Amino acid sequence: MADHAISPAPLTLTEEDLRLTFNATYTDAVAPFRISVKQDFLDQTRLKASLTRFVETEYQPPNNEPEFTDGPPTHAARTIASHWANAYDWRAVENDLNNQLKQFTTIVYTPNTPYKEPIPLHFVHHRSPRSDAIPLLFVHGWPGSFLEVAEIIQLLTHPPSDSVPAFHVVAPSIPGYGFSPSPRAPGFGYRQAAAAFNVLMRERLGYTKYVVQGGDAGDFINRYAAVDFPEAVVAVHANFWIVPPTDEDREKLKQGKSTEEEAAIIARLDGFSGHRWAYGHLHQTQPLRLAPAMTDSPVGLAMWIYDVVVMCVEEENVAAIWTPDRVITWTMMHWIPGPYAAFSLYRHGAADGAISVRGIEALPYVHQPVAISQFPHDVWYRTPLEWAKRTGNVKQNTVYEKGGHFPALETPEVLVKDMWQFFGNPGKSGTGVFGWRNSTA
């Protein structure tokens, strides 16, 4: 894919054009943005939460199976519904986000890709005061959002020492998440998001070269950006680097010749595909079968999300991290735009080749330097380094004993230190192109 020129005809898209539930205008220019969700939508949401119809009985899994064996327990739904209807204060959340994060909107165009529609984007952009700061594209996944960057952005832009790199941080909302409106036409997958974000970085913000960080869908998007725009993406830091087993790997396992690490990751990936991938299967095959119910029931959508995220952090951190306020706020990032676009991203991502009904597929090889951070509450934990190198030029592999799928939320300082170690070493990461010279290696 090539870089794309700005559309010659300036365009303005309003909330009326896009049928938005929040106040916003998108133009070819980069414009400041403050979150302002429409009050009638908030009132309707609170009413819907108060009218939630629950499963009649509190189901008890047989044979002492874990509570979430059949999905989120009814008591969790009742707790969220009650809190949403009676206590949750979106305006306070909105005010905190507006005060904490510098947000912007724009429209980008990718005419040299199959997707020809204008792409309105919302993004966070914090510039570091450091003259040697490195441009960083941070991309979230599902069911996260741009909110994931909040816990690390200050450390990245204002590190405690000149011995580690600083970053100009750009954290866009994938279209259909948060305040990036849903795509205006079919066909918007991971690869298309990579093209859109590359235009944002290079043409709208002037970062001709940049590094990337992400997990989940953000990792897929970043990998496609590295493959499709090698002149722009200098290095990749990922906390999600799934490499599926090959037929040869499975034959080794059958013959008892696999290493302990290889056997463990095959079992882990097969367990995910067989028992935890039902949501991904539905998202990519029939997203519209699911979307009407989830577009109408805020608590139903919250439970769809909660069932996934509760397994993705350390057990002792579940109550502290997944409070009713946070579960609702994370759900709002899908409820506000409507969840269909985020569901269908899987469908179009499957067309890209990143996923299938079997699970995560092998992505194209990334030639740029890559660092991977493995956390135990993630599906790819204990991926052998030899496997990781099959799909990328892995220069740094760190395996942690604590943490999970959302390290920017659960273990922000650990994630940032890992990024400092990699991007701070120009020999490993190639960040010397930005003028960074102070390696701690």
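His237 counts as buried because its relative accessibility is 1%, where buried means under 20% relative accessible area, exposed over 50% and partly exposed in between (1.4 Å probe, protein chains only). The residue is found in strand 9 (residues 233-238); helices (H or I, at least four residues) and strands (E, at least two) are DSSP runs, numbered from the N terminus. The model is a predicted one, in which local features need pLDDT of at least 70 and side-chain atom pairs count only at pLDDT 80 or more, whereas totals for chains, interfaces and linings use all residues. Residues are numbered from 1 along each chain as its sequence is written, and side-chain values use heavy atoms, with hydrogens and water left out.

The side chain of His237 is joined to that of Gln213 by a polar contact of 3.4 Å. A polar contact is a pair of N or O atoms within 3.5 Å; within protein, one must be able to donate a hydrogen and the other to accept it, and residues adjacent in sequence count only if both atoms are side-chain atoms. With its neighbours within four places in sequence left aside, His237 is in contact (heavy atoms within 4.5 Å) with residues including Val212, Gln213, Ala371, Leu415, Asp418 and Phe422.

The protein is divided into domain 1 (96-243 + 361-432) and domain 2 (247-355), with bounds taken from an automatic or database domain assignment. The C-alpha centres of the two domains lie 19 Å apart. Their contact takes 47 residues from domain 1 and 44 residues from domain 2.

Between them, domain 1 and domain 2 bury about 3900 Å², 64% of it on carbon and sulfur atoms; buried area is the accessible area (1.4 Å probe) that two parts lose on being put together, summed over both. In domain 1, the residues that lose the most area to domain 2 are Trp142, Tyr190 and Arg382, together 19% of what that side buries.

## Polar links across the interface

Between domain 1 and domain 2 there are 19 residue pairs in polar contact, both residues being at pLDDT 80 or more. On the side of domain 1 that touches domain 2, helix 6 (190-204), helix 7 (217-228) and helix 17 (407-410) each supply at least two residues. That side has 26 nonpolar, 12 polar and 9 charged residues; Ala, Val, Leu, Ile, Met, Phe, Trp, Tyr, Cys and Pro count as nonpolar, Asp, Glu, Lys and Arg as charged, and the others, Gly among them, as polar.

The domains are also linked by 4 salt bridges, each a side-chain nitrogen of Lys or Arg within 4 Å of a carboxyl oxygen of Asp or Glu. Arg390 and Asp249 meet in a salt bridge through their side chains (2.7 Å, N to O).

## Further salt bridges

Arg184 and Glu117 form a salt bridge (3.6 Å, N to O). This pair links distant parts of the chain, 67 residues apart: Arg184 lies in the loop between strand 7 (167-172) and helix 6, and Glu117 in the loop between strand 4 (103-108) and strand 5 (119-126). Arg184 is partly exposed at 39% relative accessibility, and Glu117 is partly exposed at 30%.

A salt bridge also joins Arg202 and Glu231 (3.1 Å, N to O). Arg202 is in helix 6 and Glu231 in the loop between helix 7 and strand 9, 29 residues apart. Arg202 counts as buried at 18% relative accessibility, whereas Glu231 is partly exposed at 34%. Arg130, Asp132 and Asp162 are linked in a network of salt bridges.
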